[in-house]
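Have the sequence and the coordinates open, and follow along.

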Amino acid sequence: MMQLERQKKILDYLNKNRKATTKELSQLLDVSTTTIRTDLNQMDRENLITKTHGGAVYNDRSLDNIELTGRAYFFDERALENQKEKEAIANKAIKLIKNHMCIYLDASSTCYTLGMKLSGFTKLTVITNGINLAMALKDIPGITVILTGGIVTSVSSSIEGLLGEDLLKKIHTDIAFVSARGFSVENGLTDFSIYEADLKRRCVKSSAKTIALIDHTKFNTTSISSYASLDDLNMVITDFGLSENTKDIYEKAGVNLVIAKETN
């Protein structure tokens with residue numbers, strides 16, 4: 001269970017029961033008490049709950065609920081959508097990653113799914129603007145994590161902007177794995193945040209290869225800011241839900257399209 005999903009469940013439980021002990025939450029979510037304490041400390045700092053000795057109580061303030069909806073639930077919502085499709089895409093993408101590579105993974109839930117499969121490497125460098133991904137990878141042996149500099153966003157738990165542009169200019173990745181809010185023949189990859197689009201545009205430019213991880217629901221849609229054209233993409237990995245008609249349209253447009261099969 002991802003951290004943000006876990007914290008949403010903690011808040012829901014406290015909303016119903018008003019208070020809970022650390023042990024109680026540990027048993028409910030099947031994680032260690034140390035993990036629960038870490039969650040409660042973070043949630044207390046953000047005024048989502050009030051941490052007490054041995055547990056926590058609910059903060060009955062509508063503003064806090066709005067904050068969690070913006071900070072946590074939105075990411076959870078994206079992470080829980082099309083899970084089978086994202087798993088299939090990640091299983092196909094992981095085969096392209098080799099030891100001694102330097103790769104970029106953006107803050108999307110699809111790249112997070114791929115990141116959770118990065119084990120067993122003896123030496124791998126991962127550059128990301130995804131805070132949750134960086135925290136999940138930091139203790140995995142063989143992986144060096146570099147977090148891009150910039151503005152921390154509460155909604156997507158990512159880092160945006162080009163405050164770390166000098167770093168990105170100095171580091172060249174073997175593969176940039178990116179996702180998008182929309183993908184179309186006319187506009188390529190598009191995102192809802194112009195600041196995150198700026199960051200991704202720089203990462204695409206600094207990478208030897210760019211591989212887009214796009215589930216079938218993103219095709220033929222467009223968001224606010226374009227950051228990569230079809231010509232910038234070496235490969236697009238999508239899932240088994242893509243229609244034959246859509247597949248033909250994008251292949252005729254020159255897209256190297258790879259369809260990931262459904263896994264049991």
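## Salt bridges first

Lys247 and Glu251 sit four residues apart in helix α10 (residues 244–252), so about one helical turn separates them. By salt bridge I mean a side-chain nitrogen of Lys or Arg within 4 Å of a carboxyl oxygen of Asp or Glu. Lys247 is partly exposed at 21% relative accessibility, and Glu251 is partly exposed too, at 33%. (Buried is under 20% relative accessible area, exposed is over 50%, and partly exposed lies in between, with a 1.4 Å probe and protein chains only.)

Before going further, a word on the source: this is a predicted model, where local features need pLDDT of at least 70, side-chain atom pairs count only at pLDDT 80 or more, and totals for chains, interfaces and linings use all residues. Residues are numbered from 1 along each chain as its sequence is written, and side-chain values use heavy atoms, leaving out hydrogens and water. Helices (H or I, at least four residues) and strands (E, at least two) are DSSP runs, numbered from the N terminus.

How many salt bridges does the structure hold? There are nine. Three of them are set out here.

| Pair | Closest N and O atoms | Relative accessible area |
| Glu87 and Lys117 | 2.8 Å | Glu87 32%, Lys117 22% |
| Asp106 and Lys200 | 3.2 Å | Asp106 1%, Lys200 2% |

The salt bridge between Glu87 and Lys117 links distant parts of the chain, 30 residues apart. Glu87 belongs to helix α5 (residues 83–93), while Lys117 is in the loop between α6 (109–115) and β5 (124–128). Glu87 counts as partly exposed, and so does Lys117.

Are Asp106 and Lys200 buried or exposed? Asp106 is buried, with a relative accessible area of 1%, and Lys200 is buried at 2%. The two form a salt bridge. Asp106 lies in the loop between β4 (102–105) and α6, and Lys200 in helix α9, so this pair ties together parts that are 94 residues apart in sequence. Salt bridges that share partners join Asp106, Asp191 and Lys200 into one network.

## Around that network

Let's follow Lys200 into its helix. α9 has 12 residues and reaches 16 Å from its first C-alpha to its last, close to the 16 Å expected; the expected span is 1.5 Å times one less than the number of residues. Besides Lys200, the buried residues of α9 include Glu196, Arg202 and Cys203.

A hairpin of three residues joins β10 to β11.

Phe192 lies in the loop between β11 (188–191) and α9 (194–205). Phe192 is partly exposed, at 31% relative accessible area. Together with Ile194, Tyr195 and Ile224, Phe192 makes a nonpolar surface patch of about 410 Å². Areas come from the Shrake-Rupley method with a 1.4 Å probe, where only the protein chains shown count as cover for residues. Patch residues have over 30% relative accessible area and no salt bridge; like charges are joined within 9 Å, nonpolar side chains (Val, Leu, Ile, Met, Phe, Trp, Tyr) within 5 Å.

Helix α1 (residues 3–17) has 15 residues and reaches 21 Å, close to the 21 Å expected. Just after α1, Arg18 takes a positive phi of about 70 degrees.

Then comes an open sheet of three strands in the order β1-β3-β2, with antiparallel pairing. The edge strands, β1 (19–21) and β2 (49–52), each pair on one side only. β1 and strand β3 (residues 55–58) pair over three bridges, and Ala20 has Ala56 as its bridge partner.

Conventions
Two strands pair if DSSP finds at least two bridges between them.
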